[in-house]
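I am opening my notebook on this structure.

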Amino acid sequence: MKTAVLTEPHEFEIEDRPRPSPGPDDVLVAVRDVGICGSDVHYYEHGRIGDYVVENPLVLGHESAGEVVDVGENVSRLEPGDRVALEPGVPCRRCAHCKRGDYHLCEDVEFMATPPHDGAFTEYVSWPADYVYELPENVSTTEGALCEPLSVGIHACRRGDVGTGDTVLVTGAGPIGLMVMEAARAAGATDVIVTDVVEEKLSFAGERGADRVVNVAEESLEAAVDEYTDGVGADVVVEASGAEPSIRSTIDAVRRGGTVVLVGLADEANVPFDVLDIIDNELDVHGSFRYKNTYDAAIGLLEDDAVDVEGIVDFESSLDDIDGAFRRAMDPSVVKGMISFGE
Ligand SMILES: NC(=O)C1=CN([C@@H]2O[C@H](COP(=O)(O)OP(=O)(O)OC[C@H]3O[C@@H](n4cnc5c(N)ncnc54)[C@H](O)[C@@H]3O)[C@@H](O)[C@H]2O)C=CC1
Ligand SMILES: CC(=O)[C@H](N)C(=O)O
């Protein structure tokens with residue numbers, strides 16, 4: 001099977017690898033669509049993300065969907081022909097975090113495309129059936145692949161307890177910020193304010209229904225939010241840029257008693273916060289890491305047309321042109337590129 005392997009930064013090789021056979025609890029999936037995530041691009045450019053270093057050739061891609069072609073002997077829930085989305089993290093199921101139900105915090109999770117675990121830029125993937133979700137007829141495999149970033153958005157909104165009538169500020173209009181906006185709307189938020197520093201990203205967020213967009217390179221965020229909320233502040237702020245000034249600004253834009261959810265991964269680990277602001281204003285500040293139990297919800301929202309994920313896709317490329325696709329994905333005005341394997 002054709003497989004794109006990152007051999008060193010900026011270098012993919014297309015290799016012919018043997019097609020895996022599914023283990024007793026696995027399904028073999030013919031991959032149809034894989035999204036290019038910012039983390040894939042980061043590995044492509046730098047060969048590492050923090051402590052995760054690409055020491056051996058690595059298959060990237062963790063936003064994937066396809067069609068089941070074979071199932072292991074213990075699998076009865078899925079059968080060849082089913083179109084499916086693959087949840088990319090498989091936890092150990094035995095540790096304290098898994099047993100508490102926080103399987104996304106498992107320290108032994110095998111997460112696709114995080115070294116040393118291979119991902120889905122390959123024609124076939126064998127994956128534990130428990131982390132494979134059937135797609136309804138009206139949900140495409142492109143949408144199935146994008147259940148992954150949508151899951152990040154759903155989990156962030158759950159962490160922020162976003163509810164009916166809320167005003168939500170989303171900082172950063174990349175794919176994650178846009179998925180947070182979709183999930184917040186679906187959770188009942190009536191007002192969504194979106195920030196960025198790239199004008200095209202803001203126009204796009206506006207076209208997708210942001211009630212107010214703020215270019216924080218040109219406008220004061222605090223003033224814009226004050227004006228929009230009559231001086232109250234946002235009920236929930238979801239930080240989805242990872243930019244240090246944006247992370248700092250979250251506690252100035254949230255209302256007293258409100259919630260800040262930090263999703264964006266800062267390059268700089270030490271971001272100063274005035275803790276007295278957090279205490280006096282009784283803020284809840286939550287981290288949000290990946291997701292748990294979100295795939296059924298994501299698929300349900302897509303089936304009901306309650307969210308739009310396909311609209312964020314700028315381009316689709318073939319596996320043979322993965323290098324060109326990654327170079328295109330590095331353009332700051334591009335939101336989402338996909339590798340499509342065709343039917
Ligand atoms: N916690 C988690 O589980 C996850 C975290 N992430 C992180 O979330 C962040 C967002 O991911 P993507 O959307 O894929 O990244 P992205 O890089 O495509 O989008 C970030 C956006 O923030 C904008 N931005 C830059 N500086 C800004 C500022 N000062 N204020 C507002 N916006 C600003 C950029 O122009 C860009 O549009 C990244 O840091 C990523 O590493 C991504 C997935 C999961
Ligand atoms: C941080 C990422 O972008 C990635 N989706 C991951 O969960 O590792």
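I sorted the shell around ligand 1 by residue class: eleven residues are nonpolar, eight are polar and three are charged. The model I am reading is a predicted one.

**Entry: ligand 1**

I looked up which residues come closest. Ligand 1 has 22 residues around it, and the closest are Asp196, Lys201, Leu265, Ser288 and Arg290. I then asked which elements supply at least two residues of this shell. I found α5 (175-186) and β13 (191-196).

Next I checked backbone contacts. Ile176 places a backbone N or O atom 3.0 Å from an oxygen atom of ligand 1. For Leu265 I also read 3.0 Å, again from a backbone N or O atom to an oxygen atom of the ligand. At Arg290, a polar backbone atom is 2.6 Å from an oxygen atom of ligand 1. I noted the surface too: ligand 1 taken alone exposes 860 Å², and the protein buries 77% of that.

**Entry: ligand 2**

I listed the surroundings of ligand 2: Cys37, Ser39, His62, Phe111, Leu265 and Arg290. By class, I got three nonpolar residues, two polar and one charged.

Here I looked at side chains. A polar side-chain atom of Arg290 is 2.7 Å from an oxygen atom of ligand 2. In His62, a side-chain N or O atom lies 3.1 Å from a nitrogen atom of the ligand. For Ser39, I read 3.5 Å between a polar side-chain atom and an oxygen atom of ligand 2. Taken alone, ligand 2 exposes 250 Å², of which the protein buries 73%.

**Entry: strand β13**

I went back to β13. Are its residues buried or exposed? Six of the six are buried, so β13 is largely enclosed by the rest of the structure. In a regular strand, side chains alternate between the two faces of the sheet. I therefore checked each side of β13, using under 20% relative accessible area as the cut-off for buried. Asp191, Ile193 and Thr195 are buried on one side, and Val192, Val194 and Asp196 are buried on the other.

Then I looked for its partners. Strand β12 (residues 167-171) runs parallel to β13, joined by five bridges. Thr171 stands opposite Thr195 of β13. From β12 the chain crosses through α5 to β13, in a right-handed β-α-β crossover.

Strand β14 (residues 212-215) is also parallel to β13, with four bridges between them. Val194 has Val213 of β14 as its bridge partner. I traced β13, helix α6 (residues 199-207) and β14 as a right-handed β-α-β unit.

Note on methods: Residues are numbered from 1 along each chain as its sequence is written. Chains are lettered from A and ligands numbered from 1 in the order in which they are written. This is a predicted model: local features need pLDDT of at least 70, side-chain atom pairs count only at pLDDT 80 or more; totals for chains, interfaces and linings use all residues. Side-chain values use heavy atoms; hydrogens and water are left out. A residue is near a molecule or strand if one of its heavy atoms lies within 4 Å of it. A polar contact is a pair of N or O atoms within 3.5 Å; within protein, one must be able to donate a hydrogen and the other to accept it, and residues adjacent in sequence count only if both atoms are side-chain atoms. Accessible areas come from the Shrake-Rupley method with a 1.4 Å probe; for residues, only the protein chains shown count as cover. Ala, Val, Leu, Ile, Met, Phe, Trp, Tyr, Cys and Pro count as nonpolar, Asp, Glu, Lys and Arg as charged, and the others, Gly among them, as polar. Buried means under 20% relative accessible area, exposed over 50%, partly exposed in between (1.4 Å probe, protein chains only). Two strands pair if DSSP finds at least two bridges between them. A crossover is right-handed if, with the strands pointing away from the viewer, the path from the first strand over the helix to the second runs clockwise.
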